[in-house]
Amino acid sequence: MPIDRRYATEALTRLVQINSINPLLVPDAPGEAEIAAFIAASLGSVGLETEMFEPEPGRCTVLGRLRGTGGGRTLMLNAHVDTVGVTGMAEPFSGAIRDGKLYGRGSYDMKGSLAACMAAAKAVRDSGTRLRGDLVVAAVADEEYGSLGTRDLLTRIRTDAAIVTEPTALETCLAHKGYLWIRVEVTGRAAHGSKFELGIDANMKMGQFLYGLAKLERELRSRPPHPLVGPPSLHAALLQGGAGLSTYAPSSTVQIERRTIPGETEAQAVAEIQAVVDCLAAADPDFHARVEAFFVRDPFEVAPEAAIVQAVDRASAKVRGRAASHIGDTPWMDAALLQAAGVETVVIGAAGAGAHSDVEWVDVGSVIQLAEILAETVREYCS
Ligand SMILES: [Zn+2]
C-alpha cells in the first residue's frame, strides 16, 4: 500500500518542532496541548474522525478513527506524544534532516513512529480499502511519567488489538521488563553521640541489610534468563539516613528499584526482600526494618502465535523482504497496560538512536517502512 512520503515527512518535522516536554518531568514545560491540536488537525485533514481527551488540564490525548463497516476486528496504533527534557541538546526542535536522519528531541522516542501511524492511516484511507473493523490512531499523553494518556484511554475505548510503536528498528518486540519501587526503612534508636549504651545506629544496620541485598542481587542475575529480556535485577537507587552528627541515627531508608521479567509477580519480588530482613532480624534482636512496595509497573509479554503478532510479522516480511526478528526490550512501555486490560498487544517502531540523550535522531526511511508495515497490518487485521 503506497505511503505518502511527503505527508509523513512533513508531519514528522512539525511534530519534532513542537515542544511537547512532559511538565511532570520539567516544571513549566508545555505538555501536549499544542502538539495535540496539530495531530487532530492533520488526522482530520486526511479523513479521520478525531476526538480529544484531557485526562488532566493541558494533558491532551488525540484519537483518530477510521470507522469500519462493522463486524471486523478493531485495532489501535498507539504512540506517546510527550518527551523528556532537552537540557544539553544543541538542536532540540530543529527537525533538520541530514543523511536520511531527522534530528530533535522525541524524533526517535517516538514522534517518528507517530508520524508513521498517521501516514499509515492516510494510506489506508487513500487506498479506498473497506475495513470492517475500526482503525484507531491514539496519540497519547504522559507516557514518560505516569502513563495518564493510555490509562485514561482504556476507560473510554477497548480495541481487539493494539500496536505500541515505541522504537524497535522495525523488529517485532514481544516482551519488556516491568519494575517496582520498594522502600525499606531500618529503625534504630536516637541517642546522644556519647551514649553508646543507649543508641542503636540505623545506618550501621542498613549496612548489614545492603550486604544481604547485594547477595540477592547477584542471585537474581544468575537465575535462568527470560529468552527475550534476560534476568531480573535490582539496584539500591536512593539512600537516606541519620539526623545529625552527634546523634545515633534513628532511621535509615533505602529505595530500591527491582526490574521484573515476565512471569514474576510483585508479591514474589517483595517477599525476596522481606526474607533478607527476616534473616537479619532472626540473628539480631536490635534489627528492625519495614518493607513496602510503593509503585508497580508490570512486565509485558505476548505469545508469538497471537493474531496481531502474526499479522505484523506477515506485513513486515512483505515490506522488508525478510522475516522480522522477535525481540524483547528492557524499558517499560504502555504495552503492559494495554495487554493487562485484555487488548492483545505487540510493539514495533522506527529505527534511530539517542532516546533521552543529547543527540536524538530517527531514520526517515524506517519511518516510511514502518508506515507501510502498519498500513499492511491494518488491511489484513481489520478487514
Ligand atoms: Zn517512548
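Visitor: Is E91 buried, partly exposed or exposed, and what is its relative accessible area?

Guide: In this predicted model, E91 forms a salt bridge with R98. Burial requires under 20% relative accessible area and exposure over 50%. E91 falls between these cut-offs and is therefore partly exposed, with a relative accessible area of 26%.

Visitor: How far apart are the closest N and O atoms of R98 and E91?

Guide: Side chains of opposite charge can pair when their charged atoms come close. R98 is partly exposed, at 39% relative accessibility. In its salt bridge with E91, the closest N and O atoms are separated by 2.7 Å.

Visitor: Is E376 buried or exposed, and what is its relative accessible area?

Guide: E376 and R379 both belong to helix α9, three residues apart, and form a salt bridge with closest N and O atoms 2.4 Å apart. R379 is partly exposed, at 33%. The cut-off for burial is under 20%, so E376 is buried, with a relative accessible area of 8%.

Visitor: Which residues make the nonpolar surface patch of about 280 Å²?

Guide: One member is located in the loop between α1 and α2 and counts as partly exposed at 35% relative accessibility; this is L25. The patch is made by L24, L25 and Y145.

Methods: Residues are numbered from 1 along each chain as its sequence is written. This is a predicted model: local features need pLDDT of at least 70, side-chain atom pairs count only at pLDDT 80 or more; totals for chains, interfaces and linings use all residues. Side-chain values use heavy atoms; hydrogens and water are left out. Patches are made of residues with over 30% relative accessible area and no salt bridge: like charges are joined within 9 Å, nonpolar side chains (Val, Leu, Ile, Met, Phe, Trp, Tyr) within 5 Å. Accessible areas come from the Shrake-Rupley method with a 1.4 Å probe; for residues, only the protein chains shown count as cover. A salt bridge is a side-chain nitrogen of Lys or Arg within 4 Å of a carboxyl oxygen of Asp or Glu. Helices (H or I, at least four residues) and strands (E, at least two) are DSSP runs, numbered from the N terminus. Buried means under 20% relative accessible area, exposed over 50%, partly exposed in between (1.4 Å probe, protein chains only).
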